[in-house]
Amino acid sequence: MAKLHNIPPEELERQRQYALKVREILSAKYPTAKPLAYVHTYGCQGNVADGERIEGLLSEMGYDFCDSPEKADLVLYNTCAVREHAEDRVFGNVGKLKNYKQDNPDLIVALCGCMMQQAHVRERIYKSYPFVNLVFGTHVLHRLPELLYQTLTGGKRVVCAPDGFGEIAEHLPVRRSGGVKAWLPIMYGCDNFCTYCIVPYVRARERSREPEDVLREAREIIGAGCREITLLGQNVNSYGKGNKSDLNFAGLLREINALPGDFKIRFMTSHPKDCTHELLETIARCDKVSKHLHLPVQSGNDRVLRAMNRRYTRQQYLDLVADAKATVPGLSLTSDIIVGFPGETYEEFQDTVSLVREVEYTSLFTFIYSPRKGTAAAELPDPVSHKEKTQWFAELTAAQEEIAAKRIAESVGKTYTVLVEGRSKTDASRLAGRTDGNVMIEFAGSPEQIGTYCDVRVTETSKWTIFGEAVPENESK
């Protein structure tokens with residue numbers, strides 16, 4: 001296996017020179033105003049972080065940004081391959097761009113991300129969407145200036161999606177879109193090869209950023225006024241493997257927690273097989289680390305877990321949950337669950353429902369199994385109909401709603417410190433803030449409170465929402 005390493009400074013400088021060349025071309029082509037780029041990201045927070053770096057590169061090349069493809073001179077879709085529904089949305093939205101391209105022949109259409117790392121997807125794009133100008137994969141994001149230069153000057157479609165071990169590009173420009181919150185990738189790729197998951201094939205093997213690079217970016221984020229940093233990785237618990245430093249994830253959390261500033265730290269995703277007691281103690285002891293743990297279980301049945309290649313048993317997971325709750329008082333637990341994995345029986349599914357009732361998660365992200373071409377699970381017999389899986393899904397959702405309703409009702413009268421993120425999406429007269437346990441609360445307040453921490457007392461609840469009132473400073477704990 002080739003040694004993993006950061007992309008050399010010489011290559012990054014070469015890309016900066018291409019960025020200058022693109023800027024010159026665009027200045028000549030659009031002399032009175034900057035061209036507009038519309039960038040839309042599908043999928044996970046890791047993709048969102050990639051999208052912010054893509055926008056940083058485009059800004060460096062001379063683009064401004066718009067909020068719809070109709071206004072754009074460049075449309076870029078940053079794609080997700082985790083579920084079939086996300087892929088279908090991409091193909092549908094790309095198809096709609098054909099009319100925009102006819103109205104504006106100079107429009108550049110670009111596709112990148114996980115879908116583009118798959119040969120069968122690239123082939124479909126090439127044959128069925130001839131108006132797409134540029135396609136690039138997950139390992140060459142840093143080469144966007146060069147690829148866009150080729151697109152603007154070569155007169156041909158550009159496709160670049162090499163396989164690779166996945167190098168790390170440091171010091172890319174970032175155009176952050178999260179306001180008071182920021183995404184901070186600490187590692188890329190995955191070594192786990194869960195049988196349902198395409199990520200190791202499109203994102204390559206695990207490689208971690210060096211601690212000094214993570215800490216440098218964390219300081220930049222804090223200096224820019226962000227109040228919440230979310231550390232990202234497919235499995236943050238395995239952070240540090242192969243690094244020059246021997247710092248593990250718990251150690252990295254302690255280092256970031258020690259940085260000066262008034263901010264909170266979150267992280268995801270945490271694989272149960274690598275979640276250590278040291279990590280749980282670190283969460284408990286670090287004042288800036290959120291007391292929230294996203295711990296995907298996927299199934300509550302041992303046979304299904306083995307078929308998924310999850311490498312823990314139901315009992316091992318429950319023991320870990322018990323340790324987590326005992327070590328971190330008031331811990332908020334969330335999880336991912338796949339319903340209807342190939343070969344799963346209704347009786348096995350009931351083991352998942354019983355686990356959910358036993359753990360009592362704050363919230364769940366539940367999905368009906370989606371076959372991914374190239375994964376081991378896609379080759380397994382799958383006799384249960386989608387209609388039956390949908391019924392199972394509804395049963396699981398009802399169980400979690402029952403748990404959530406109980407938890408929400410118990411919150412009335414309690415006071416939580418929340419980061420005020422902005423106005424409520426459903427009622428602009430209210431503000432919305434997230435608790436340390438990652439629960440959203442809406443309350444009356446002024447715009448000046450956005451981006452600050454505020455104590456909020458819960459006054460009432462609805463099925464999905466918690467409402468409260470800001471506690472005056474002289475009453476705050």
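Okay, some ground rules. The model is predicted, so local features need pLDDT of at least 70 and side-chain atom pairs count only at pLDDT 80 or more, while totals for chains, interfaces and linings use all residues. Residues are numbered from 1 along each chain as its sequence is written, and side-chain values use heavy atoms, with hydrogens and water left out.

When I say helix or strand, I mean DSSP runs numbered from the N terminus: H or I with at least four residues for helices, E with at least two for strands.

Let's start with helix pairs. Helix α9 covers residues 277-285, helix α11 covers 314-327, and the two pack at about 30° with their axes 9 Å apart. Those axes are lines fitted to C-alpha atoms, for helices over the stretch in contact, and the angles run from 0 to 180 degrees between N-to-C directions. So what do we call the arrangement of α9 and α11? They are roughly parallel to each other; the rule is that angles under 35 degrees count as roughly parallel, over 145 as roughly antiparallel, 65 to 115 as roughly perpendicular, and the rest as oblique.

The crossing of α9 and α11 is right-handed. That word means the near helix is turned clockwise from the far one, while left-handed means anticlockwise, by less than a right angle. Who touches whom? From α9 we have His277, Leu280, Glu281 and Ala284, and they meet Leu320, Asp323, Ala324 and Thr327 of α11. Contact here means heavy atoms within 4.5 Å. The residues of that contact split into four nonpolar, two polar and two charged. For the bookkeeping, Ala, Val, Leu, Ile, Met, Phe, Trp, Tyr, Cys and Pro count as nonpolar, Asp, Glu, Lys and Arg as charged, and the others, Gly among them, as polar.

Next pair: helix α12 (346-359) and helix α13 (386-410), whose axes come within 10 Å and cross at roughly 15°. These helices are therefore also roughly parallel to each other, and the crossing is right-handed. On the α12 side the contact includes Tyr346, Phe349 and Val353, and on the α13 side it includes Trp392, Leu396 and Ile403. The tally for this contact is eight nonpolar, two polar and three charged.

Now compare α2 and α5, which pack at about 55° with axes 10 Å apart. That makes α2 oblique to α5. Ile54, Leu57 and Leu58 in α2 meet Leu144, Pro145 and Leu148 in α5, and the contact has six nonpolar, no polar and no charged residues.

Stay with α5, residues 144-154. Its buried residues are Leu144, Pro145, Glu146, Leu147, Leu148 and Thr151. Buried means under 20% relative accessible area, exposed means over 50%, and partly exposed is in between, using a 1.4 Å probe and protein chains only. The cover over them includes α1 (9-29), α2 (45-60) and strand β4 (108-113).

On to the cores. A nonpolar core is a set of buried Ala, Val, Leu, Ile, Met, Phe, Trp, Tyr and Cys residues joined through side-chain atoms within 4.5 Å. Which residues touch the most other members of the largest one? Out of 55 residues, they are Leu231, Phe249 and Leu293. Apart from that core lies another one, of 28 residues, including Val22, Leu57, Met61 and Ala169. As background, nonpolar side chains tend to be buried together in soluble globular proteins.

Two single residues now. Threonine 230 sits in strand β10 (228-232) and counts as buried because its relative accessibility is 7%. Among the residues it touches are Trp183, Arg266 and Met268. Alanine 377 is in the loop between β14 (363-368) and α13, and at 1% relative accessibility it counts as buried too.

A cis peptide bond joins methionine 268 and threonine 269, with omega about 5°; threonine 269 is in the loop between β11 (264-268) and α9. Histidine 171 has a positive phi of about 65° although it is not a glycine. Is histidine 171 buried or exposed? Exposed, with a relative accessible area of 52%. Arginine 311 also has a positive phi of about 65°, and arginine 311 is partly exposed, at 45%.

Conventions:
Lists of a residue's contacts leave out its neighbours within four places in sequence.
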